[in-house]
Each structure stands twice: as structure tokens, then as C-alpha cells.
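Good morning, and thank you for coming.

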Amino acid sequence: MRSNSVLPWILATLLFIGIDAGWGRPAPSATEAELAQRIERFLSRGDRMEGASLTVAVRDHVAILGGRVATMDQAEWAAAVCYATDEVYGAVQRFEVDEALYDAASARDSLQHMFDHAPGLEGTKLKASALAEPKIVISGEAGDLDEIELAREMATRLAGVREVKVTAILNPIRPRPATAIEAQLGFKVLDDPLLAGLPVRFSVRNHKLRIVGEVGCHDVRQQLILQSMIGGIQEVDHEGLRINPELREEGMGDKRYHPEDCLKVLDLVFGMDPRLDGVRYRLRCDRGRVVVSAPAITRGQVNAMIDDSRGLPGAGQVVFPLPGGAGEKALSQR
């Protein structure tokens, strides 16, 4: 349960954790306006946020994001950029997905085509369904959780989709082709603000991954190596991965939150979100998952918590047990 009295302690603890974890020597503190401008500049690059209308503000080291987005992926990308920005510890996400862009038949056909032809999903038996409401259901069979997460990420790129539900089952006996692993690694790089656009290449042979290319600093190099340890990889050869300081992204870094830190960040963010005023909840860690328990909560408040949990570093999954023993509502993370 949140308490405003813990806010200074949370901020001081997170700052200590960041320095102790080796994020580098702290730069002079930026103003809240400068932090918001840094986030806005990064989000304006390329066409990733095309069609989105955003507002960004920073208050007490928390980014406040608002506006309208065309896809869930745009909201996830904006959250990831906030978490990669130095001196920003969390993000209140008040995006509205433009549901007017949703067409069930088109969404189903497009996603099924991606499942059938995406190199990263070679050999899977995944099926796409689209409900009348802006919701996608992924069923069928995959070899590991990395493939299921890749399928979920593809679904979030569909215009107007507000929710993705995964009911697919795992068949770990099926071997995964090297080409599929290489394709997924390329996809993961594009989804990380600290890695997107870096000149890196992946090749897999006999469960051994070779990474060649350049990154901006040692921390990003280590992050790329760690993120490359996905299903099917037993060894990583990173001798060909060099550091080029010219590629360093100023004012951004990997925060490396531990599960306990995730609880503090979520508590901080929930406390800054007016949609959650008066809500009583508890947070706990369970085998790498963050579990949010709230005995009396509305659907809108659950959705607000899911939005605010998006992109949280260090959490494999954020889970919301449903009332009356009806199961769980889970949010996959990047």
C-alpha cells in the first residue's frame, strides 16, 4: 500500500542503487523540463511513433505520458524510452489506443500471415484470433516462452488493438532452427532504446551465438550479451563486439532493477497516478514476477495499473490475480 511519506526514501534508495550498480559516474542533474525534452527528442526519431500524439512531463523523477497512440507497441516503446532515460525512475502512462483504427478481420489475417512467415516463428503452430472488441487472442503451440513473447510483440503492432491474450501451449521437445533464433535477436534489438539502430549482427551455429558489431559503452555491451541468452543458446561469443564511444546515447542507460527495486518503482508510479487515488493494494515478488493484489478494484483501475507497469525493467511479468479465484491477468514485459 502506497504512502507519500516513503517517496523521498524511494528516490534516495533508487539513486544509491543506480550508482552502486555501476551505471557510471552521475552527470549533473537535469531539470524536469530538460528530462521531458530528452524523452520527446528520442521519441521523435524515425517513424516508430508515426500517427501518435504525445504529451510528456516529468515530476519528481517520474515521467507523465499522455496522448493518443495507434498501437500498443508505441505505448510500450515510449515507456521503454522513459526507463532508459537517466534520472527517470518510472512512468505514469495515460495513453489512449485509437480503437477506431481496429478492424477484426484485417487484424486477424495480418497477424496470421506474420505467424506463418516470420523467420523468428519458423516451425511454430500459432493461431491468431480477433474479437469484436479490440482484443487479440494467440493460441496454438510454440517451442518456448521467447517465441510466445515474440508473437505477442507482433500483435501489439496491430492498429487499434487494446489487449493481447495468450493461450498458446509450449512444446519444448521441438528444436528451434538457428535462423529463427537469429531473427528473434534482431527483433529484440529493435525493441530496446539503448540498442536500436546499433550496427550488430547475430549468427547461430550448434547452439553457439556469435555477436559482431559496435556499441556505445561497456554497460550497453553487457546488456546486449545478457539479452542474447534466449532459448536455444548455450554459449555466446562476443569477442567481435567492440565499443565505439561515438555511438553512446548521452543521458540514457540501463537501470538494471532487481525485483525488490521493481516494487519500489511501481509503488512510486502508482502513487503518482490520479486514476489510482484511494486504491488499496499490495505488491510482492514471486519467482521473478511482480504480483499486484487489490481486494476492491475496478476494471479501469486494473487497466491503469497494467498501463503503468508496461516496460518495467527487471520484471519478467506483472500479474494481477482476478477476483473470486477466476485466474490471473498477466502483462508480458519486454
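Predicted model: local features only at pLDDT ≥ 70, side-chain atom pairs only at ≥ 80, totals over all residues.

Residues are numbered from 1 along each chain as its sequence is written, and side-chain values use heavy atoms, with hydrogens and water left out.

Helices (H or I, at least four residues) and strands (E, at least two) are DSSP runs, numbered from the N terminus. Two strands pair if DSSP finds at least two bridges between them. In general, strands of a sheet pair through backbone hydrogen bonds, either parallel or antiparallel.

Here 3 strands form an open sheet in the order β1-β2-β3, and the pairing is mixed. β1 (53-59) and β3 stand at the edges with a single partner strand each, so one side of each has no neighbour in the sheet. From one strand to the next, the twist averages 10 degrees; angles run from 0 to 180 degrees between N-to-C directions, and axes are lines fitted to C-alpha atoms, for helices over the stretch in contact.

In what sense do β2 and β3 pair? Strand β2 (residues 62-69) and β3 are parallel, over 8 bridges. Within this pair, Val62 stands opposite Gly90, and Gly67 stands opposite Phe95.

Is β3 mostly buried or exposed? Of the 8 residues of strand β3 (residues 90-97), 6 are buried, so the strand is largely enclosed by the rest of the structure. Buried means under 20% relative accessible area, exposed over 50%, and partly exposed in between (1.4 Å probe, protein chains only).

I turn now to the helices. The axes of helix α2 (residues 32-43) and α3 come within 10 Å and cross at roughly 135 degrees. The two helices are therefore oblique to each other; angles under 35 degrees count as roughly parallel, over 145 as roughly antiparallel, 65 to 115 as roughly perpendicular and the rest as oblique. Where they meet, Ile39, Phe42 and Leu43 in α2 contact Trp77, Ala78, Val81 and Cys82 in α3, contact meaning heavy atoms within 4.5 Å. α2 also lies across β1 and β2, running at about 150 degrees to β1.

β8 and β9 run antiparallel, joined by 6 bridges, and Val204 stands opposite Leu209 in β9. Among the buried residues of α7 (residues 218-227) are Val220, Leu224 and Ile225.

Finally, I come to the two loop residues. His61, in the loop between β1 and β2, has a positive phi of about 70 degrees although it is not a glycine. At 27% relative accessibility, His61 counts as partly exposed. Asn206, in the loop between β8 and β9, has a positive phi near 55 degrees. At 68% relative accessibility, Asn206 counts as exposed.
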